[in-house]
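Here's a short tour for anyone opening this entry for the first time. Have a look at the picture below, then read on.

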Amino acid sequence: MKIAREIFDKFGIAGELLAFLWHRKLWWMIPFVAVLLLFGILIVVGSTTGVGPFVYTLF
Amino acid sequence: MNILGISCYFHDAAAALIVDGTLVAASEEERFTRIKHDYEFPDNAIRFCLNAGGISTDNLDYVVFFEKPFIKFDRLLQTTLSGFPQTYPLFTQSLRTWLFDKLWVRSTITSQVGVPKSKVLFSEHHLSHAASAYFASPFDEAAVLTFDGVGEWATTTLGVGKGNDLRTIKEIHFPHSIGLLYSALTAFLGFEVNEGEYKVMGMASYGTPRYADLIWKMVEQKQDGSFWLDLGYFSFHRSTVHSFTKKMTDLLGPPRAPETPFFTEATGYPDYYGERPDKYDELLTDNQHYADIAASIQAVAEDLILELARESHRQTGKTRLCLAGGVALNSVANARILNETPFEDIYVQPNAGDGGAALGASLLAWNTMLDSPERIVMDHAYLGAWHSEDAIAEAIAASGHTAIQYDKEEVLVDAVCDRLEGGKVIGWFQGRSEWGPRALGNRSILADPRRSDMKDTVNAKIKFREPFRPFAPSVLAERCEEFFELPQAYSSLPARFMLLVVPVRPDKEDVVPAVSHMGTARVQTVHKNSNPRYYRLIERFGERTNVPVLLNTSFNVRGEPIVNSPEDALGTFDNSGLDSLVLGDFLIDKELKK
């Protein structure tokens with residue numbers, strides 16, 4: 001039940017992110033974002049390191 | 001009304017709790033996990049705050065996160081697209097934390113803290129900084145200046161506070177950032193970014209700013225205080241590995257190799273470095289060059305900051321200024337603002353960096369959203385964990401040490417003074433741990449400031465750090481001006497938090513040589529009402545020596561967070577050259593271990 005609630009909540013947040021991009025007139029970025037995310041996810045899944053030596057977390 | 005503020009997933013995760021208008025607890029997560037600058041979700045700090053406040057999660061009215069993740073994600077996307085394909089590695093590396101953590105902050109808060117999403121609020125990064133300073137200050141109205149590496153988009157903001165109204169007037173956006181300019185040069189000088197900035201400040205004292213003109217090629221400032229980085233010199237906006245480009249090395253020469261021993265003619269070559277290297281003279285010349293670069297970036301940063309402060313005054317007409325953000329920990333610049341701008345008084349919250357934004361987020365909800373009439377003035381930083389004498393006794397027993405328990409504070413204080421005067425270095429642990437990066441007499445290492453050899457002794461035996469790093473003096477607030485050139489020292493709040501670097505009076509430099517850093521000191525004034533036992537220790541030391549000053553440095557060894565619990569203190573005691581350890585009412589001498 002808790003897992004279902006968390007998944008539901010995350011879908012809600014993803015929806016809010018899209019609404020945020022739309023509201024800030026960043027809708028033109030959505031196709032780019034989709035492609036970047038797709039490749040990004042593949043790379044994230046396929047790699048093990050996520051932190052660069054320049055440890056100042058800017059993003 | 002109970003409000004929990006949270007900061008995390010950036011640099012220093014922290015939590016702060018306001019219960020019915022009282023700030024009951026605040027702590028950084030690193031103190032519990034023992035991971036320096038821990039940025040993960042602050043489960044431990046939150047649990048500590050709730051316990052300290054005597055409430056459960058059901059009693060929380062609001063949980064306020066210190067920034068807006070979507071806007072920061074927008075920056076990631078736009079920066080990636082604007083620099084594509086060079087930025088793609090940065091995007092993929094950042095995406096991991098975004099996909100697993102940062103995008104789902106609200107979900108994490110609801111599940112980890114256990115509150116419904118209707119109670120979760122989001123502030124803005126620099127607004128949280130601004131609130132952490134203004135709403136914790138004693139001022140009814142003030143100009144507010146914030147600057148750090150970067151928040152969502154803003155890197156610098158000018159604002160104004162009046163009553164419960166706090167608003168931003170101007171913003172400067174990423175990638176134009178004083179914090180990132182300083183950090184890039186910190187990396188150039190061979191230090192770890194977000195950790196080594198203090199070292200650059202310390203190193204700067206041994207150089208002359210003869211390269212300031214070259215640094216000014218990298219940054220331009222207009223008359224209104226706004227500034228612009230020449231991005232040709234920097235790569236932090238498109239790389240997670242490098243922060244500066246070949247253009248910078250063409251201008252300043254090769255960067256300093258990390259972990260290279262640093263010494264100049266002024267610092268001398270400390271014994272604990274071992275034998276002199278073969279290329280001693282060559283290294284001496286190189287090091288002076290790097291010290292001059294450090295002095296130059298420090299001078300340029302100070303000029304940028306001073307002009308922003310003057311612009312804050314022009315824009316607001318206020319006579320008081322609140323400062324926040326990591327750059328506000330530059331104590332040399334803070335003192336110059338006080339001396340060289342029209343502001344009559346300044347306030348800097350002791351945890352001015354990102355950890356402090358957790359406090360700002362909760363204060364923002366308390367003061368602006370709820371429009372509460374009560375102000376929470378932060379005049380001390382003792383908001384962290386504490387331990388009962390029983391808990392301390394148990395920890396000592398488990399450690400195998402033999403301790404003397406003192407029923408009378410006066411006897412304990414005299415015993416500590418005996419040791420300090422005998423040249424011993426003392427671990428001093430009492431009361432609640434400090435909020436922010438400075439140890440202010442509750443988790444401190446103490447020594448006699450009158451001994452010129454004490455700096456090397458503490459560096460070699462305990463801190464294992466570079467000879468150019470300064471040690472701070474703690475001084476009785478009433479007698480500060482006898483030793484240091486700090487007008488109105490008694491009433492200065494930043495001086496309580498060790499956030500001003502001021503000159504040592506020339507006739508006192510020889511009196512307290514161990515805390516004089518090329519004639520200056522990052523002074524801490526100690527008040528009887530905020531820390532009575534520490535005050536009495538310094539007072540007693542003053543009665544015995546006529547010098548009411550102690551050398552005070554944070555109770556940790558290199559690379560570790562400041563100790564939090566008696567167990568941490570005992571561990572550091574065992575693993576360093578500390579001679580004695582005070583834990584509450586207990587005193588342990590190293591030679592007495594069973």
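## Starting in a sheet

Strands (E, at least two residues) and helices (H or I, at least four) are DSSP runs, numbered from the N terminus.

E15 and E20 belong to an open sheet of eight strands in chain B, with mixed pairing and the order E13-E22-E21-E14-E15-E20-E16-E19. At its edges sit E13 (404-405) and E19 (524-526) of chain B, each pairing on one side only. Helix H20 (residues 566-574) of chain B lies across E14 (426-429), E21 (580-583) and E22 (586-589) of chain B, and runs at about 175° to E21(B).

## What kind of model this is

This is a predicted model, where local features need pLDDT of at least 70, side-chain atom pairs count only at pLDDT 80 or more, and totals for chains, interfaces and linings use all residues. Residues are numbered from 1 along each chain as its sequence is written, chains are lettered from A and ligands numbered from 1 in the order in which they are written, and side-chain values use heavy atoms, with hydrogens and water left out.

## A hairpin

Chain B also has a hairpin, formed by E7(B) and E8(B) with two residues between them. In the turn, B:Gly163 has a positive phi of about 55°. Eight bridges join E7 (residues 154-162) to E8 (residues 165-173), and these strands run antiparallel. Along the way, B:Leu158 stands opposite B:Lys170 in E8(B).

## Helices that cross

The axes of H6 (residues 125-134) and H13 (residues 356-369) of chain B come within 7 Å and cross at roughly 80°. That makes H6(B) roughly perpendicular to H13(B), a label for angles of 65 to 115 degrees. Axes are lines fitted to C-alpha atoms, for helices over the stretch in contact, and angles run from 0 to 180 degrees between N-to-C directions. By class, this contact of H6(B) with H13(B) has seven nonpolar, five polar and no charged residues.

The other pair is H8 (residues 197-204) and H11 (residues 280-316) of chain B, whose axes come within 8 Å and cross at roughly 105°. From H8(B), B:Val200, B:Met201, B:Met203 and B:Ala204 meet residues of H11(B) including B:Tyr290 and B:Ile297; contact means heavy atoms within 4.5 Å. The residues of this contact divide into nine nonpolar, one polar and no charged. Ala, Val, Leu, Ile, Met, Phe, Trp, Tyr, Cys and Pro count as nonpolar, Asp, Glu, Lys and Arg as charged, and the others, Gly among them, as polar.

## Tucked away

Why is H5 (residues 105-113) of chain B largely enclosed by the rest of the structure? Seven of its nine residues are buried, that is, under 20% relative accessible area (1.4 Å probe, protein chains only). Among them are B:Val105, B:Arg106 and B:Ile109. After H5(B) comes B:Gly114, with a positive phi near 90°.

B:Gly542, found in H19 (residues 532-545) of chain B, is buried too, with a relative accessible area of 4%. Leaving out residues up to four places away in sequence, B:Gly542 touches B:Val547 and B:Pro548.

## And chain A

Chain A has two helices and zero strands. Of its 59 residues, 29% count as buried.

Methods:
Pairing = 2+ DSSP bridges. Parallel < 35°, antiparallel > 145°, perpendicular 65-115°, else oblique. Buried < 20%, exposed > 50% of the residue type's maximum accessible area, 1.4 Å probe, protein only.
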